[in-house]
Amino acid sequence: MTATPLHVVTGAFGYTGRFIARRLLQAGKRVRTLTGNPARPNPFGDRLSVAAFDFDHPDALARSLEGAAVLYNTYWVRFPRGRVTFETAVANTRTLIRACERAGVPRIVHLSVTNAAADSPLPYYRGKGVLEQAITGSTLSYAILRPALVFGPGDILVNNIAWFLRRLPLFPLMGAGGYRLQAVFVDDLAEIALQAGERRDNSVVDLVSPEIYTFDAFVRLIAAKIGSRARIVHWPPRLVGGILGAAGLVVGDVVLTRDEMAGLMAELLVSSSPPLGRTRFADWLDRSAAALGRTYASELDRHFRSQPRMRAEGPSGAAPNPSE
Ligand SMILES: NC(=O)c1ccc[n+]([C@@H]2O[C@H](COP(=O)([O-])OP(=O)(O)OC[C@H]3O[C@@H](n4cnc5c(N)ncnc54)[C@H](OP(=O)(O)O)[C@@H]3O)[C@@H](O)[C@H]2O)c1
């Protein structure tokens with residue numbers, strides 16, 4: 001009898017990786033996660049095997065990938081801090097790609113970002129562009145998925161916009177707020193990732209849902225759906241950057257980096273491709289507004305501090321429910 005092929009997901013205790021793992025398990029696949037925190041509570045129980053991604057030990061990494069039909073790679077860092085830098089994230093991902101090649105993994109489904117470019121002035125987008133080149137130049141067959149902002153249960157940015165809107169009398173936007181953005185629902189992303197895992201052709205596609213919002217309209221929509229009475233004001237980006245820095249000190253997190261502000265204002269979260277995501281942000285807000293922003297979601301808790309993990313995992317610490 002042939003064993004069910006193994007599918008490996010980096011970050012199945014995280015955000016997008018959880019939804020990908022959940023769909024793989026529902027499809028009856030054998031699933032392993034590679035994670036930086038193997039001791040973290042496993043919401044999938046025995047159905048998901050767990051290994052550490054130890055980039056300092058490429059042999060062990062390759063062994064944990066042996067027999068895998070597909071690697072779904074979500075690994076990346078949102079911003080540099082301490083010894084974690086974009087350069088180390090690029091180097092670690094290169095190690096992961098080489099480990100796949102050594103282990104004979106035929107296929108990678110890799111999460112990038114809209115408008116990734118190796119010559120971007122913004123290190124996040126530049127690192128993503130460099131890694132796209134590393135993947136297209138590897139021996140692996142690949143699907144590179146480039147999401148814009150990802151929304152859904154367990155997200156950070158939308159949740160925290162709602163958290164501030166619930167608590168503050170004023171919500172300052174950088175400048176006029178006319179810069180546009182798109183988003184994609186996390187479970188649409190997972191569905192598309194699984195479809196990409198079944199194919200063998202090479203592809204690079206943007207992942208967005210049909211709606212395009214200005215940032216001003218995006219924040220106003222969230223405010224309206226959660227019943228916020230905060231006044232939305234337009235202040236100079238430099239001032240808003242300073243306020244976000246101060247807000248970060250209050251909540252003990254990095255709320256939004258200056259580079260993230262710059263990427264947003266440069267409309268790097270907009271795609272010129274047809275939308276592949278089906279779930280509309282406004283419809284999801286209708287279903288989720290009551291719970292959205294009730295607790296602050298901390299990037300530092302999730303990825304830079306040791307373990308108050310389940311608190312940081314969003315509305316359901318357990319296996320995610322895509323209808324949330
Ligand atoms: N979320 C969005 O709105 C969005 C938008 C566009 C593109 N993307 C891309 O989609 C992918 C997945 O994003 P996500 O939000 O789902 O990420 P995530 O779940 O927070 O993290 C994904 C993986 O990266 C690891 N990781 C994250 N930050 C780390 C850090 N500081 N140090 C060490 N490891 C770290 C996680 O480690 P653990 O296993 O230890 O948790 C996990 O394995 C990323 O490549 C991201 O660039 C996301």
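A nonpolar core is a set of buried Ala, Val, Leu, Ile, Met, Phe, Trp, Tyr and Cys residues joined through C-beta atoms within 7 Å. Keep that in mind for this tour of a predicted model.

**Stop 1: the core.** Select Leu 71, Leu 145, Phe 151, Leu 181, Leu 189 and Ala 193. These residues have the most contacts inside the largest nonpolar core, which has 81 residues. Where does the core lie? Domain 1 and domain 2 both give residues to it, so the core lies between them.

Zoom in on Leu 71. Leaving aside residues up to four places away in sequence, Leu 71 touches Val 8, Leu 65, Cys 100, Val 105 and Ile 108.

**Stop 2: the two domains.** Colour 6-151 and 183-207 as domain 1, then 157-181 and 211-308 as domain 2. Their centres, taken over C-alpha atoms, are 25 Å apart. The contact takes 20 residues from domain 1 and 21 residues from domain 2. On the domain 1 side, show α4 (123-136), β7 (149-151), β10 (183-185), α6 and β11 (203-207); each supplies at least two residues that touch domain 2. What kinds of residue make up this side of domain 1? It divides into 14 nonpolar, 2 polar and 4 charged.

**Stop 3: an annotated span.** Select residues 11-148. An unreviewed UniProt entry annotates this span as "domain: NAD(P)-binding". The span is 37% helix and 21% strand, and its end C-alpha atoms lie 19 Å apart.

**Stop 4: helix α2.** Select residues 58-65. Which residues of α2 are buried? They are Leu 61, Ser 64 and Leu 65. Look down the helix axis: the buried residues of α2 fall within an arc of 100 degrees, so they line one face. An α-helix has 3.6 residues a turn, so residues three or four places apart point the same way. Next, show what covers these buried residues of α2. The cover includes strands β1 (6-10), β2 (30-35), β3 (48-52) and β4 (68-73), along with helix α3 (86-103). Then click Gly 67, which follows α2 and has a positive phi, near 85 degrees.

**Stop 5: helix α5.** Select residues 157-167. Is α5 largely enclosed or largely open? Here 8 of the 11 residues are buried, so α5 is largely enclosed by the rest of the structure. Pick out Val 158, Asn 159, Asn 160, Ile 161, Ala 162, Trp 163, Phe 164 and Leu 165, which are buried.

Methods. Residues are numbered from 1 along each chain as its sequence is written. This is a predicted model: local features need pLDDT of at least 70, side-chain atom pairs count only at pLDDT 80 or more; totals for chains, interfaces and linings use all residues. A residue is buried if 20 or more other C-beta atoms lie within 10 Å of its own, exposed if 12 or fewer, and partly exposed in between; C-beta atoms are placed from the backbone. Domain bounds come from an automatic or database domain assignment. Two residues are in contact if their C-beta atoms, placed from the backbone, lie within 7 Å. UniProt positions are given in the numbering used here, feature names are shortened, and annotations may be inferred rather than shown by experiment. Helices (H or I, at least four residues) and strands (E, at least two) are DSSP runs, numbered from the N terminus. The arc is that of the directions from the helix axis to the C-beta atoms. Ala, Val, Leu, Ile, Met, Phe, Trp, Tyr, Cys and Pro count as nonpolar, Asp, Glu, Lys and Arg as charged, and the others, Gly among them, as polar.
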